[in-house]
Each structure stands twice: as C-alpha cells, then as structure tokens.
Amino acid sequence: TVGRGGTGYGVDLRLDTLPDVSRTHFKIRRDETGQFFIKDVSAFGTSVDGVPIPSSIEDSGARKLDRNREVALKKKARIGLANALVIEFEVLEP
C-alpha cells in the first residue's frame with residue numbers, strides 16, 4: 001500500500017508529497033505465481049507507463065465500494081500518481 005498515509009491511513013510506503021497523492025493511493029499485490037498486480041484506490045488516479053488504469057473505487061453516494069479492479073504489472077513499469085510524481089517499479093530476480 002502506497003500513499004501519503006496519516007492518522008487512520010496505514011501504508012507500507014509513506015510518501016511526503018503533494019495533497020493530490022491520496023493518503024492511500026494504490027496497492028500492489030503479488031500472486032502465487034510471482035505476477036504483480038496494481039489497484040488504484042486514489043481520488044486523482046494512477047497510471048502505468050503513462051496509461052491511466054481504472055479506479056477500483058466506485059462512489060455510490062453514501063459510501064465508497066472497492067470493486068477489486070486490478071491491472072497486471074510488467075517486470076519494469078513507471079507508476080504515475082495523480083500527475084504529481086512517478087515511481088519506478090522493477091521486479092528483481094533472485
């Protein structure tokens with residue numbers, strides 16, 4: 001889990017950056033085969049290699065629902081956070 005964090009917003013990687021980056025911005029998951037997936041849970045969007053990925057969060061008015069939408073990550077990718085910063089992602093082989 002990556003984002004600005006804060007009280008009530010636990011993240012694994014805390015970013016000290018602009019408020020356009022959400023407190024919880026995106027999540028990365030690795031499955032049993034070693035494939036990585038990214039899920040956008042932000043308010044202002046996430047991109048992979050310059051292409052916006054679909055938000056996993058659906059706002060139904062009274063509450064927000066996580067639809068668990070994920071996108072597979074390549075072994076090397078540039079993850080953009082709300083046009084505020086870019087994180088270089090790379091899978092290192094053992």
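Tutor: Before we start, two strands pair if DSSP finds at least two bridges between them. Strands here are DSSP runs of E, at least two residues long, numbered from the N terminus. This is a predicted model, where local features need pLDDT of at least 70, side-chain atom pairs count only at pLDDT 80 or more, and totals for chains, interfaces and linings use all residues. Residues are numbered from 1 along each chain as its sequence is written, and side-chain values use heavy atoms, with hydrogens and water left out.

Student: Okay, how many bridges join strand S5 to strand S10?

Tutor: Find S5 at residues 46–48 and S10 at residues 76–81. These two run antiparallel. The number of bridges joining them is three.

Student: Which residue in S10 stands opposite valine 48?

Tutor: Stay with S10, at residues 76–81. Opposite valine 48 you'll find isoleucine 79.

Student: Which strands are at the edges of the open sheet?

Tutor: The sheet has four strands in the order S6-S5-S10-S11, with antiparallel pairing. An edge strand pairs on one side only. That gives us S6 (51–52) and S11 (85–90).

Student: On to salt bridges: how many does the count come to?

Tutor: A salt bridge is a side-chain nitrogen of Lys or Arg within 4 Å of a carboxyl oxygen of Asp or Glu. By this rule, the count comes to six.

Student: How many residues apart in sequence are the parts tied together by lysine 39 and aspartate 66?

Tutor: Their side chains meet in a salt bridge, at 3.0 Å from N to O. Lysine 39 lies in strand S4 (residues 36–40) and aspartate 66 in strand S8 (residues 64–66), so the pair ties together parts whose separation in sequence is 27 residues.

Student: Is lysine 39 buried or exposed?

Tutor: Buried means under 20% relative accessible area, exposed means over 50%, and partly exposed is in between (1.4 Å probe, protein chains only). Aspartate 66, at 40%, is partly exposed. Lysine 39 has 10% relative accessibility, so it counts as buried.

Student: And where is lysine 75, the partner of glutamate 93?

Tutor: Their side chains meet in a salt bridge at 2.8 Å, N to O. Glutamate 93 sits in the segment after S11, 18 residues apart from lysine 75. Lysine 75 itself is in the loop between S9 and S10.
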